[in-house]
Amino acid sequence: MSTASVSFRPGAVLADLLPASRVRDIALVAGGAALTGLAAQIAVPVPGSPVPVTGQTFAALLVGTALGARRGFLSLALYALVGMAGVPWFANGTSGAGGASFGYVLGMLLAATVVGALARRGADRSVLRTAGTMVLGSALIYAVGVPYLALSTGMSFGAAVAAGLTPFLIGDALKAALAMGLLPATWKLLGRA
């Protein structure tokens, strides 16, 4: 089967273009977790917020979209479990489940699953659908992360929104724009192979 015929098969995600095997799936799951951990080290402090701007959210959404719901979930679950076990690959080289930003990690697990399911339905093949997918994924991350931030720090919900959502909107828009160009272009390129 040629790459072009696989790339447009309904229900396929980018990872499905590789020859199917258990080894492939294990490597993709581990690789997605490692990519997320590496991207988390790109961290810029936000004044007045215990949560930094990181590449972690972009990686989590990209992993979910490229791997699909099941492998995306497993990849982010591996990332979370290994970080909880003490590997310092959460933002700023931290680990453990008690930090103020751990809710965002849990939100990424949910978001990777949902964007992966949407990618199986072709949501990563056009600019507009990819934009909607990334916005939804980001919203899911915040839906879990902001309340967790409020509970873990004792902030009011309004203060948590001000510290854990508002400062990140411009960066999320840039990450979505990058995904909007990257994912549909990859499908288009593979369709010509």
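Predicted model: local features only at pLDDT ≥ 70, side-chain atom pairs only at ≥ 80, totals over all residues.
Local features need pLDDT of at least 70, side-chain atom pairs count only at pLDDT 80 or more, and totals for chains, interfaces and linings use all residues. Residues are numbered from 1 along each chain as its sequence is written, and side-chain values use heavy atoms, with hydrogens and water left out.

View 1. Helix H2 covers residues 22–40. Helices (H or I, at least four residues) and strands (E, at least two) are DSSP runs, numbered from the N terminus. At 1.5 Å a residue, the 19 residues of H2 should span 27 Å, and the end C-alpha atoms are 27 Å apart, which agrees. The expected span is 1.5 Å times one less than the number of residues. Buried residues of H2 include Arg24, Asp25, Leu28, Val29 and Gly32. Buried means under 20% relative accessible area, exposed over 50%, and partly exposed in between (1.4 Å probe, protein chains only). The buried residues of H2 pack against strand E1 (43–44), strand E2 (53–54), helix H3 (56–67) and helix H4 (69–84). Contact means heavy atoms within 4.5 Å.

**View 2. The crossing of H3 and H4.** The axes of H3 and H4 come within 6 Å and cross at roughly 145°. Axes are lines fitted to C-alpha atoms, for helices over the stretch in contact, and angles run from 0 to 180 degrees between N-to-C directions. H3 contributes Gln56, Ala60, Val63, Gly64 and Leu67 to the contact; H4 contributes Ala69, Arg71, Gly72, Ser75, Leu76 and Tyr79. By class, the contact has 6 nonpolar, 4 polar and 1 charged residues. Ala, Val, Leu, Ile, Met, Phe, Trp, Tyr, Cys and Pro count as nonpolar, Asp, Glu, Lys and Arg as charged, and the others, Gly among them, as polar.

**View 3. The packing of H6 and H8.** Helix H6 (residues 127–153) packs on helix H8 (residues 169–191) at an angle of about 140°, with the axes 9 Å apart. The two helices are therefore oblique to each other. From H6, Val127, Thr130, Ala131, Met134, Ser138 and Tyr142 meet Asp172, Ala176, Ala179, Met180, Leu183 and Pro184 of H8. This contact has 9 nonpolar, 2 polar and 1 charged residues.

**View 4. Val161 and its contacts.** Val161 lies in helix H7 (residues 157–164). Val161 counts as partly exposed, at 22% relative accessibility. Not counting residues up to four places away in sequence, Val161 touches Val146, Thr166 and Pro167. The C-alpha atoms of Val161 and Tyr142 are separated by 8.9 Å, and the two residues are 19 residues apart along the chain.

Conventions. Parallel < 35°, antiparallel > 145°, perpendicular 65-115°, else oblique.
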